[in-house]
Amino acid sequence: MSTRFPFTAVVGMDDLRLALLLNAVSPAVGGVLVRGEKGTAKSTAVRALAELLPEVAVVAGCRFSCDPAAQDPGCPDGPHAHGPGEGRPARMVELPVGASEDRLVGALDIEKALADGVKAFEPGLLADAHRGILYVDEVNLLHDHLIDLLLDAAAMGSSYVEREGVSVRHAARFLLVGTMNPEEGELRPQLLDRFGLTVEVAASRVPEQRVEVVRRRLAFEDDPAGFAARWADEERALRERVVAARELLPKVTLGDAVLLQIAATCAAFEVDGMRADIVMARTATALAAWAGRTEVTSDDVRQAALLALPHRRRRNPFDAPGLDEDKLDETLERFKGEDPAPDDDPEPDGPGDGGPDGGPGGGVPPQPEGPAQESAETPQDVPQETPAPENAPEPAPRQGSAGAGERAAVPAAEPFRTKVLSVPGLGEGAAGRRSRARTEHGRTTGSVRPRGTLTKLHLSATVRAAAPHQKERGRSGRGLVVRRDDLRQATREGREGNLVLFVVDASGSMAARRRMGAVKGAVLSLLLDAYQRRDKVGLVTFRGRAADLALPPTSSVDAAAARLEQLPTGGRTPLAAGLLKAHDVLRVERLRDPSRRPLLVVVTDGRATGGGADPAALAARAAGLHAAGGTAAVVVDCETGPVRLGLAGKLAGELGGTAVTLDELRADSIAGLVRDVQGTQGNRSGTRRAA
């Protein structure tokens, strides 16, 4: 087995190490979600934690790691003979992003169940992780239904597998750790809430710490075994401390005063539900045990709040996670009671007691907070301005502020709930909530012969296939004689996520302040809709003489919102360049992910005033490329005023799609409830106006 980087040799990352160790002390805390930029030792720290967990005793030969002292009466491999069992290291099991449901929860052999009445069960990763660690790297890229199964098992401590009435249950208690890079997309708030703790990590901005990181990493790569040996004493001491804290945990008391502080803190920060209160109580108790105390203090409550609450306050993808520490301190002080006196000379609260180089964490001082980083999720401050008439021109830009012919960015109008825009036909893309598709989950629409392993049995179709052959197969009893050729796979129809590519006109014709604010508000609303429907999004803008890929296709809609917020306007309208750039982007994405169908959303008034001698003809030819490729398209018509040229409707016809006005885009508009975006085979009508 390969040598892992020692946990105590990780430089800095105090909050991350503490959160992992608290879960090692008390798995009931509910796991850790680690959020941070790439290259910050997230995976290294998680993998190193497995070496600190104490050895577990298991029943010999049990595939579900039953504890000999407390056997699971429902174990599929049971009942077991009583005995001391055997010891083995705690496992760390990794769940790949592309894993199937059967790989996660296990698979039942339906053929044996139907023909022989035997529950033949192949355990999945949840069974392997029982009494150990289950690690999910890039958890935000995992399919939602797999995350639901994973978090349900973590909450209940058991896993249920059911296929056509044949069910198996087994214990599944594990320490759940997920890592993610927010730039690649966010988790839904409902799923964020299911993780007990969350930690934000970032690379140190302190040169001395960065030097120490490089030094230790190079030393480990040159001689992994020798490097691990130099940290063996620190690893052993930390492992013993984990064991001692586990033994002390049942003796820790949670007084009424600190319990009131926990409830008051959760109420003050308006977190949804009661899970936050419970997690904070368990975390504060684990903190006390980790510090060697038997009573919880206000300091424990404060630390628990910093770990358990930030991700629970995020209600939409554009909210930045975080906690107002001044408000937290005020709340704790207001509800402060008589705290128990802390033990004399308690052990340090940090995760490590020192390293070969001396000092906490091995000779490197705790990492100070670096300069505040500008968050991609927080809109820039925009000064308040007196409302201007809708078509009033922008004030001239200050010299050197935005360049010739360029106007500063204006804030977006308030987002609204949009109509559903869907791609016609039946796709086979990743599970989502936008367009119809053949999926693993959804309503059953028919049956087919299975290709490979049977995953979803169509019971009635299987019985109909087997019934005519019972006599020739010598059936003599009540059981049905089923052969592999009789099995039928259920076909199901659900919804898929799409690639929504926005092509936004940022030219001078869009520069009227109220118009551009309304356009940004509409695009922001569509981005929120894309987030809720599990789409990937991309952003192309065009103005002046060229088009720009402002954001390559990504699952991070908050990144798209940040780029939109900063979008300046001005110059001519190279509509053809924008459409050609979009065509290039979609061509590349079809090669990368051919099953994800695109939806092109062009936001413009339809004018074409740049890019050649006949810009309108060039735009028409560029639109024809999308129509010929069958790309579903919608044009959001931004034209306003009493006199309208209808150019956006003409563009929609050239794209083979449809056009909607900004007003018609609203879900509460009287123009209709749902509008499908028509492909090349669809409606080529012009702009439809509200009655």
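Q: Leaving aside its neighbours within four places in sequence, with which residues is leucine 309 in contact?
A: As a general idea, nonpolar side chains in soluble globular proteins tend to be buried together. In this predicted model, leucine 309 is in contact with Thr265, Cys266, Phe269, Val271, Ala276, Met280 and Leu323, its neighbours within four places being left aside.

Q: Which residues of the largest nonpolar core touch the most other members?
A: They are Leu20, Leu49, Trp290 and Leu309, in a core of 65 residues. Helix H12, spanning residues 275-290, gives the most to this core, namely 10 residues.

Q: How many residues of strand E10 are buried?
A: Burial here means under 20% relative accessible area. In E10 (residues 175-180), 6 of the 6 residues are buried, so the strand is largely enclosed by the rest of the structure.

Q: Which residues of E10 lie on each side?
A: In a regular strand, side chains alternate between the two faces of the sheet. In E10, Leu175, Val177 and Thr179 are on one side, while Leu176, Gly178 and Met180 are on the other; all are buried, and both faces are covered.

Q: In what sense does strand E1 pair with E10, and over how many bridges?
A: Strand E1 (residues 32-36) pairs with E10 in the parallel sense over 4 bridges. Within this part of the sheet, valine 34 has threonine 179 of E10 as its bridge partner. Strand E7 (residues 133-136) pairs with E10 in the parallel sense over 4 bridges, and the bridge partner of valine 136 in E10 is glycine 178.

Technical notes
Residues are numbered from 1 along each chain as its sequence is written. This is a predicted model: local features need pLDDT of at least 70, side-chain atom pairs count only at pLDDT 80 or more; totals for chains, interfaces and linings use all residues. Side-chain values use heavy atoms; hydrogens and water are left out. A nonpolar core is a set of buried Ala, Val, Leu, Ile, Met, Phe, Trp, Tyr and Cys residues joined through side-chain atoms within 4.5 Å. Buried means under 20% relative accessible area, exposed over 50%, partly exposed in between (1.4 Å probe, protein chains only). Helices (H or I, at least four residues) and strands (E, at least two) are DSSP runs, numbered from the N terminus. Contact means heavy atoms within 4.5 Å. Two strands pair if DSSP finds at least two bridges between them.
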